[in-house]
Amino acid sequence: MTVLKPTFRPARFEDVPAILDLIVKGAPGDEVRVENSPEAAYRAAFDAIECDDNQMLFVGELAERGVVSTMQLIFIPTMVNGGSWRMEMESVHVNPDCRGHSIGKQMVDLAVSIAKERGCNLIQLTSNKQRPDAHRFYERYGFARSHEGFKLYL
């Protein structure tokens, strides 16, 4: 296995098309649709993430390939474990052409490091049931299948 070493950095608004492409490529079936959303909606979402001290949006970039990965980190104060903080990992995606080259591990390593710096005692995430390769990756990393997830689309 060749290890690819992207540069991880906070996303910029001009990264949004690449981020959306990664999300669509990583979503099973037609779960995610982006083609009908106006740019203003993405601008508003990006700005809300960027100005919120409890959110971070990252991309991983290879000089020769551009943006090849993304993840959003959300920090949540809780009323459990003495008012502890947890981190939610959201929209974690690696370009399918770059999987198997340690990019996902490097991204999660970064997330774990940030969570520790921020005093979080837990990292949680959800992953679509139709992504068994992602599930194997998270379990190899040390994540446990501890809860069942539910969504209510509005």
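Ser-91 counts as partly exposed, at 25% relative accessibility (buried is under 20% relative accessible area, exposed is over 50%, and partly exposed lies in between, with a 1.4 Å probe and protein chains only). Ser-91 sits in strand E4, and its phi is positive, about 50°, although it is not a glycine. The model is predicted, so to speak of local features takes a pLDDT of at least 70, side-chain atom pairs count only at pLDDT 80 or more, and totals for chains, interfaces and linings use all residues. Residues are numbered from 1 along each chain as its sequence is written, and side-chain values use heavy atoms, with hydrogens and water left out. Helices (H or I, at least four residues) and strands (E, at least two) are DSSP runs, numbered from the N terminus.

Asn-81 is another residue other than glycine with a positive phi, near 50°. This one is found in the loop between strand E3 (66–77) and E4, and Asn-81 is exposed, at a relative accessible area of 61%.

On to the helices. In H1 (residues 16–26), the buried residues are Val-16, Ile-19, Leu-20, Leu-22, Ile-23 and Gly-26. They fall within an arc of 160° seen down the axis of H1, so they line one face of the helix (the arc is that of the directions from the helix axis to the C-beta atoms). Their cover includes helix H2 (39–51), strand E2 (55–62), E3 and E4, where contact means heavy atoms within 4.5 Å.

Helix H4 (residues 132–141) buries Ala-134, His-135 and Tyr-138. Seen down the axis of H4, these fall within an arc of 100°, so they too line one face of the helix. They pack against strand E4 (85–94) and strand E5 (120–125), while the face turned away from the buried side carries the exposed Asp-133 and Arg-140. After H4 comes Gly-142, with a positive phi near 125°.

Then there are the pockets. On a 1 Å grid over the protein atoms alone, a pocket is an open set of points where a 1.4 Å probe fits, with protein on both sides within 12 Å along at least five of seven lines; lining residues have an atom within 4 Å of a point. A volume is the space filled by probe spheres set on the points, which are joined across faces, edges and corners. The largest pocket holds about 1600 Å³. Its lining has 46 residues, and Glu-90, Leu-125, Thr-126, Ser-127 and Asn-128 are the closest to its centre. E4 gives the most to this lining, seven residues.
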